[in-house]
Structure formats: structure tokens, C-alpha cells
Amino acid sequence: MPPCGESNPPTGRFVRAGRGASLGSMSCIFCKIAAGEAPADVVYQDDRVLAFRDLAPQAPVHVLVIPREHVDSADELEDPDVAAALLSGARKVAQLEGLTAGYRLVTNVRTHGCQSVGHLHFHVLGGAQLGGSLAG
Ligand code: AMP
């Protein structure tokens with residue numbers, strides 16, 4: 001089995017936008033969703049973040065929380081206000097989705113982390129007992 005799973009293969013090509021630049025708005029599917037130019041099942045949004053259901057859910061609740069502005073991954077996240085807004089957005093999603101028994105908050109970074117979309121996103125996974133392995 002490939003390390004990132006067949007349903008979610010890594011693209012193996014990450015275009016780094018560089019500080020201040022935004023290749024994202026031209027080519028990034030999550031930028032298009034944030035701009036309202038691509039469809040998404042939005043569950044929460046505010047002025048900094050957007051949360052929408054994952055196309056290929058891996059748990060009964062699987063929502064992605066993204067910053068509206070393009071950031072390649074958590075490794076490029078420099079603005080503490082955006083970091084706080086992402087965590088707050090994830091918590092809001094958990095409340096809205098009724099994840100009172102808990103949930104998992106995951107962000108994958110680049111190739112070894114199995115990141116397949118090069119726009120920072122947190123996965124909010126829950127709605128059932130999840131497995132115990134972090135790296136599985
Ligand atoms: P990752 O592999 O951590 O980069 O996660 C990317 C996630 O984005 C995967 O779980 C995909 O199923 C999901 N995804 C990709 N395109 C879309 C889309 N257009 N709408 C919703 N989810 C998407």
C-alpha cells in the first residue's frame with residue numbers, strides 16, 4: 001500500500017508561493033472554495049477561516065478548516081491571528097457538529113506528512129471512536 005493511501009495520494013509537487021506571493025489564488029482549489037468560485041458544503045465561516053465537509057470523509061464527521069488567505073502548510077504559518085482563528089474555527093466546528101465526546105484535529109505537512117492539497121487545512125475528525133494510532 002502506498003504510504004499515503006490510494007484514496008489520497010500525494011501529488012509529489014508542491015509549489016511554494018513564497019512570502020507575500022500567492023500562487024494559490026490562481027491554481028489552488030481551496031483558494032477557489034474560499035473565493036466562492038468552487039463548490040463546497042460549508043459548515044462554518046468567519047472573516048479569517050472557512051470550514052467545509054471533506055469530499056472523501058474518513059470519519060462520520062470530517063470537516064476541513066482553512067484560512068481564507070493562502071498559506072501552503074502549517075510550516076509556513078506565521079500570522080498568530082490566523083493560527084488562533086484556525087483553532088477557534090475547529091472548536092466551533094466541533095460544537096456545531098456535536099462532537100462532545102471528542103474529536104481529532106490533524107494537519108498534514110508536505111510529502112512525508114501526506115499533504116495532498118497545498119493550502120493549509122486542519123482536518124476535524126469525529127462522530128465515532130477513532131483508532132489509537134496517530135501515524136496509521
Ligand atoms: P491532505 O491529504 O491532508 O492534504 O487533505 C486534503 C483533503 O482535502 C483530503 O481529505 C481530500 O479528500 C480533501 N479534498 C480535496 N479536494 C476537496 C474539495 N474540492 N472539497 C472538499 N474536500 C476536498
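What percentage of the 136 residues in the protein is buried? Buried residues account for 27% of the 136, where buried takes 20 or more other C-beta atoms within 10 Å of a residue's own, exposed takes 12 or fewer, partly exposed lies in between, and C-beta atoms are placed from the backbone.

A word on ground rules. Residues are numbered from 1 along each chain as its sequence is written. This is a predicted model, where local features need pLDDT of at least 70, side-chain atom pairs count only at pLDDT 80 or more, and totals for chains, interfaces and linings use all residues.

On confidence, the mean pLDDT of the protein is 88, with 82% of its residues at 70 or more; pLDDT is the predictor's confidence in each residue, from 0 to 100. Two residues are in contact if their C-beta atoms, placed from the backbone, lie within 7 Å.

Now the fold. The protein has three helices and five strands, and along the sequence they come as α-α-β-β-β-α-β-β. Helices (H or I, at least four residues) and strands (E, at least two) are DSSP runs, numbered from the N terminus. Take the contacts between residues at least 6 apart in sequence: 61% of them join residues at least 24 apart.

The five strands make an open sheet in the order E1-E2-E3-E5-E4, with antiparallel pairing. E1 and E4 (103-106) are the edge strands, each pairing on one side only. On average, neighbouring strands of this sheet are turned by 20 degrees against each other, direction ignored. Strands count as paired if DSSP finds at least two bridges between them. Here's the pairing, one row per strand pair:

| Strand pair | Sense | Bridges |
|---|---|---|
| E1 (residues 42-45) and E2 | antiparallel | three |
| E2 and E3 (residues 61-67) | antiparallel | five |
| E3 and E5 | antiparallel | five |
| E4 and E5 (residues 122-126) | antiparallel | four |

E1 and E2 form a hairpin with three residues between them, and tyrosine 44 stands opposite alanine 51 in E2. Strand E2 (residues 49-53) has four of its five residues buried, so it's largely enclosed by the rest of the structure. On to the next pair: phenylalanine 52 stands opposite leucine 64 in E3. Valine 65 has phenylalanine 122 in E5 as its bridge partner.

E5 also has four of its five residues buried, so the rest of the structure largely encloses it. Valine 106 bridges to histidine 123 in E5, while arginine 104 stands opposite leucine 125. Helix H3 (residues 80-96) lies across E1, E2, E3, E4 and E5, running at about 155 degrees to E3. Axes here are lines fitted to C-alpha atoms, for helices over the stretch in contact, and angles run from 0 to 180 degrees between N-to-C directions.

After E5 comes the segment holding leucine 134. Leucine 134 is exposed, with 7 other C-beta atoms within 10 Å. Its C-alpha atom is 9.7 Å from that of arginine 104, 30 residues away along the chain.
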